[in-house]
Amino acid sequence: MSAKEEKSGWRTKVRSMRFARKTPKESKRSSLDKALDGDIAEIKHMAEDRINAEVEAMLDDMNLSQEHRVPIRKRPLDQKREMLVTFVKRSAAMQKSQGDRAGATRPPQDYVEDLSNANRAPQQTLHTIESLRIALGSNPISWLKKFSALEGLNLILSVLKACQVDPYRSTKVTERTEHECVRCLKAFMNNKYGLGEMIDDSNGMLTLARSLDTKNFSMMVDILKLLAAVSLVPPRGHQKALEAMTLLGKHKSCGRFEILFQ
């Protein structure tokens, strides 16, 4: 087996352990513990190049800045190996504590399938978006990247757009769904990768800004915080935030920031 295949196999086992479907308590504990034991045994026999590659993947999941990554990369091989063991143990413990109740163990494709269902009821959409918001905030960056690769960000934006043009936008379910979409975007953008994906999306910032046209003060505050965060990201963040507000003003036939005071 090639080094690439070995690496892929180990990462797949870790992911399957994290995202396993909920089963009866005893069998789930047994399955998780066996997978964990296998992962730990494999880490202890990994070659140096694989250890370094897995450490990089772990640092991505931990969302560490480059400044904090440098000293970890310089650590001795044995310390890196122990860090990986600790990481997979913590991932397993997190899955046990959160469970499906928080939506943390569902794989990204489950959410993509649910949100792609054109026949879903409004209440079902709200439930999915609420669960997705928790999953985005609970899972590692690797989960978020897979969700994004499956067009997950576009699906969140599509649901948000649908809420904005819904003739029943003021109803409780639609209003809650719209705000949960904004909170999903907040969780999605709470890291360098997600922030960059949102900035690179051609309509993402404008779609977010359009939800400022609301009487929901709490949602408005959440959106303004996200726009402020984007404006601080070089080199295009400031431009993208201003552009979104300008286009919103044109759409509403008012000044760039006038909608905030209406």
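Trainee: At what angle do helix α8 (residues 141–149) and helix α11 (residues 192–200) pack?
Mentor: Helices are DSSP runs of H or I, at least four residues long and numbered from the N terminus. Their axes are lines fitted to C-alpha atoms over the stretch in contact, and angles run from 0 to 180 degrees between N-to-C directions. The axes of α8 and α11 are 10 Å apart, and the helices pack at an angle of about 20°.

Trainee: What kind of model is this?
Mentor: Residues are numbered from 1 along each chain as its sequence is written, and side-chain values use heavy atoms, with hydrogens and water left out. Local features need pLDDT of at least 70 and side-chain atom pairs pLDDT 80 or more, while totals for chains, interfaces and linings use all residues, the model being predicted.

Trainee: Which residues in α11 meet α8?
Mentor: Contact means heavy atoms within 4.5 Å. From α8 come I141, L144, K145 and S148, and they meet, in α11, Y193, G194 and E197.

Trainee: Is E175 buried, exposed or partly exposed, and with what relative accessible area?
Mentor: E175 sits in helix α10 (residues 172–188), and beyond its neighbours within four places in sequence it contacts R169, S170 and N216. Buried means under 20% relative accessible area and exposed over 50%, with partly exposed in between (1.4 Å probe, protein chains only). E175 is therefore partly exposed, at 37%.

Note on methods
Helix = DSSP H or I, 4+ residues; strand = E, 2+ residues; numbered from the N terminus.
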